[in-house]
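Reader: I have the sequence and the coordinates open. Please take me through them in questions and answers.

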Amino acid sequence: MSNLPSRRQALFGATLSFSALWTTLSLPSVAMAQTTLSWSPKVLTQAQAQVLEVAVDLIIPATDTPGAREAGVARFIDRAMGNFYDPGQVKTMRDGLDRMQADAEAAYGAAFVSLGAGRQTELLTRYDAEATRQPLAHFFALIRHATLLGFFTSETGATKTLRYDPFPGEYRGCVPLKEIGRAWAT
Amino acid sequence: MANLNTRARQTNTYDAIVVGSGITGGWAAKELTEKGLKTLILERGPMVRHLEDYPTATMNPWETKYPGGKLPAAEMKAHYPVQARTGYALTEYSRHFFVRDDEHPYTETQRFDWIRGYHVGGRSLLWARQTYRHSPMDFEANAREGVGVDWPIRYHDLAPWYDHVERFIGVSGQSEGLAQLPDGHFQPPMEMNCVEKDLKVRVEAKIPDRRITIGRVAHLTAPTEEQLAQGRGKCQNRNLCIRGCPFGAYFSSNSSTLPAAERTGNLTLRSGSIVTSLILDEKKGKATGVRVLDEASGQEVEFYADVVFLCASALNTAWIMLNSTSTRFPNGFGNDSDQVGRNIMDHHLGVGAQAEAPGYEDKYYSGRRPNGIYVPRFRNLGDRASARSDYLRGFGYQGGAGRPSWERGLNAAGFGADRKAALSQPGPWMVRLGGFGEILPYADNRMTLNRALKDKHGLPTLTFDVSLRENEIAMRKDMRLAAMEMLDAAGFKNVVGADQGYGPGLGIHEMGTARMGRDPKTSVLNAQNQVHACKNVYVTDGAAMTSASCVNPSLTYMALTARAVDHAVSSRRKGEL
């Protein structure tokens, strides 16, 4: 447990340089996302939804399989804010998204969505550390939880990042992991 | 007018009435109709047709209304505060098969978890399908130890009926040749996974009194011609059973007994029919039928028959009996002994151990086996080696090994590509063993009729006062320690034992409220499940149980039901009812 942060930092180092490169290449699409959400938020404001859209894709980015943005996770969370989360949780998450915007402007003088992935990741790393200290009360713990849940139960997440088989037929109790390749979605 | 009444009485008259359509009601209906009796089955809840009324059976995870299919906390709190205590069963996928607690109130003198489904098929749709025979020692224990009253039957009385039921429902399992867990008619056993297989080998080598077998479960693994002809098929290992099975692969009233009864042409099924009391002919000393509150119209309707089977579940059957007062039975139907509503038993659970099983990282499994492993009882088997000085009876374990998937990451720190990659792979192998312990019958573990608190129909409700005693509490310590001992013996890591607590009822095996016995002064039912004081009323659900054993009870309820029907039909033919 004690070596976990250092191990994560090391991994982040590798990820960061890759992400930075990727972000430079795809900056135009990030900028476009500010004006063209492909869905209409029901609970979040347009600005909050745009921050969330970027945040979920930082939490579960596109890699060899699609990420949370393509899986529609921000929309999933907006819908759950309307029909599932209690008012206190909704407020925590909305306030958190506003704070992300405010933090971005205070630190870099720019909107969260227009920061490079490196700076966005830096901010999220700070929230992630805070959330670890107060896992039930922190907005990032809620958003991270909702993002993972939304992603891994989405069709994209369940069938591409994981393996999904609605009708297995047989049960085989001892199979090389290589043969399955990924964790079962259900 | 007289004519009209006569005609109404005729249209509402059957050879037999069955109250309840769950696992025993379905069996009573099948056996009665197949033996030629015109049978009315009354169900308080709405209709659930096999296949047609399983709305969530093939839903994908991304098709839910709520995240992960979990119901909002506010809705759980408002409508399902008791049903929620299972912690797992009530979701968006299964909500329509559970009662709303706010519509079906009861009173808890001490915590009592009453988990219910009011609809055609009852909890036969929701059960965990574990299927075990009681053993000879289960039927003898009360007499030997001076606990409660003696069972008026022995294992050999029920054995042919266990055969009969197993052949029809289909039970997958492995014969083990153990006195404490009699073998039955099994379809091929389900497979253990790598870790379970090693657990079995290592534990059985190091602790000779332990046996690990695959769970015996009412799923078809090699359907018979008869089962295929019923439209039932082989288990597809989806493990979504609680939604209703589109393959009819597990046994339920809906997939099996009710269609069989319907095919005879002798069945009338009436849903939305709340039986409120038995009708007694005081002169003849016989029940003539039942009174029903018709849910839709709010009207009272009477139905008549030569014989009545109460199969409404242990607590509701006892409710009907307590609510059926008359000059002859001022304290409730057949309640001369004052035992109706007493001796509530369940199986106590929520205690055991878990561990990590390193060394199998390159192994996984395919398919979702709707079953686990089983450790048959190994305490107090009658020999010196297994005898305990601190408690009577024993317990079995249910459990299994598996690898958690992405859910393990929901509350963990970290995000990004590496996190995604990690969660796309299965987590470490975990092994769990959870005990199911026998609860002794205690006369003051009871339910009483509460006429002060009425439900939405204006009917009296129940008050429960049930608790564990020294015997169960001592057993729980052993349940935790013996599970840890087994996981340690297997060489697994981070073995953790825990007692997470248990509320009576949470085993969802409630029983004992109208026990069988030899003496009408101390029991409610005789050896044939007839009410001692009124022979044309049979009680064959969990209410009849004289002791609980530690094994899942549904198979015994079904066998008792089939046996009682056989008795009822031959007695009726001989004019003895």
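**Fold and contacts**

Author: This is a predicted model. In chain B, of the contacts with a separation of 6 or more, 72% are between residues 24 or more positions apart.

Reader: How compact is chain B for its 577 residues?

Author: Chain B holds 12 helices and 19 strands. The globule rule gives 25 Å for 577 residues, and the radius of gyration of chain B is close to that, so the chain is as compact as a globular protein of that length; the value is 24 Å.

Reader: What percentage of chain B is buried?

Author: The C-alpha atoms of chain B fill a box of roughly 85 × 55 × 50 Å along the principal axes. A residue counts as buried if 20 or more other C-beta atoms lie within 10 Å of its own. Among the 577 residues of chain B, the buried share is 53%.

Reader: Which element of chain A gives the most residues to the side that touches chain B?

Author: The contact takes 47 residues from chain A and 42 residues from chain B. Elements of chain A that give two or more residues include α1 (4-33), α5 (117-133) and α6 (139-152). The chain A side divides into 27 nonpolar, 12 polar and 8 charged residues. With 7 residues, the element that gives the most is α6(A).

Reader: Which residue of β11(B) is the bridge partner of A:Arg172?

Author: β1(A) is joined to strand β11 (residues 363-366) of chain B by 3 bridges, and the two strands run antiparallel. In β11(B), the partner of A:Arg172 is B:Ser366.

Reader: How far apart are the C-alpha centres of domain 1 and domain 2 of chain B?

Author: The domain assignment gives domain 1 of chain B as 1-50 + 99-172 + 220-345 + 440-466 + 510-577, and domain 2 as 174-215 + 347-438 + 468-503. The distance between their C-alpha centres is 32 Å.

Reader: Which element gives the most to the side of domain 1 of chain B that touches domain 2 of chain B?

Author: The contact takes 32 residues from domain 1 of chain B and 32 residues from domain 2 of chain B. On the domain 1 side, α4 (136-145) and α5 (155-169) of chain B are the elements that give two or more residues. That side divides into 16 nonpolar, 8 polar and 8 charged residues. With 4 residues, the element that gives the most is α5(B).

Reader: What is the distance between the end C-alpha atoms of helix α2 of chain B, and what span should its 12 residues have?

Author: Helix α2 (residues 23-34) of chain B has 12 residues, and at 1.5 Å a residue it should span 16 Å. The distance between its end C-alpha atoms agrees with this, at 17 Å.

Reader: Which residue of β14(B) does B:Ala401 stand opposite?

Author: Strand β14 (residues 430-438) of chain B is mostly covered, with 7 of its 9 residues buried. Strand β10 (residues 351-356) of chain B pairs with β14(B) in the antiparallel sense over 5 bridges. Strand β13 (residues 395-402) of chain B is also antiparallel to β14(B), joined by 8 bridges. In β14(B), the residue opposite B:Ala401 is B:Val431.

Reader: Is B:Gly372 buried or exposed?

Author: B:Gly372 sits in the loop between β11 and β12 (373-375) of chain B. Leaving out residues up to four places away in sequence, B:Gly372 touches B:Gly215, B:Gln398, B:Gly399 and B:Gly400. The cut-off is 20 or more other C-beta atoms within 10 Å. B:Gly372 has 22 such neighbours, so it counts as buried.

Conventions:
Residues are numbered from 1 along each chain as its sequence is written. Chains are lettered from A and ligands numbered from 1 in the order in which they are written. This is a predicted model: local features need pLDDT of at least 70, side-chain atom pairs count only at pLDDT 80 or more; totals for chains, interfaces and linings use all residues. Two residues are in contact if their C-beta atoms, placed from the backbone, lie within 7 Å. Ala, Val, Leu, Ile, Met, Phe, Trp, Tyr, Cys and Pro count as nonpolar, Asp, Glu, Lys and Arg as charged, and the others, Gly among them, as polar. Two strands pair if DSSP finds at least two bridges between them. The radius of gyration is taken over C-alpha atoms; the globule rule is 2.2 Å times the number of residues to the power 0.38. A residue is buried if 20 or more other C-beta atoms lie within 10 Å of its own, exposed if 12 or fewer, and partly exposed in between; C-beta atoms are placed from the backbone. The expected span of a helix is 1.5 Å times one less than its number of residues. Domain bounds come from an automatic or database domain assignment.
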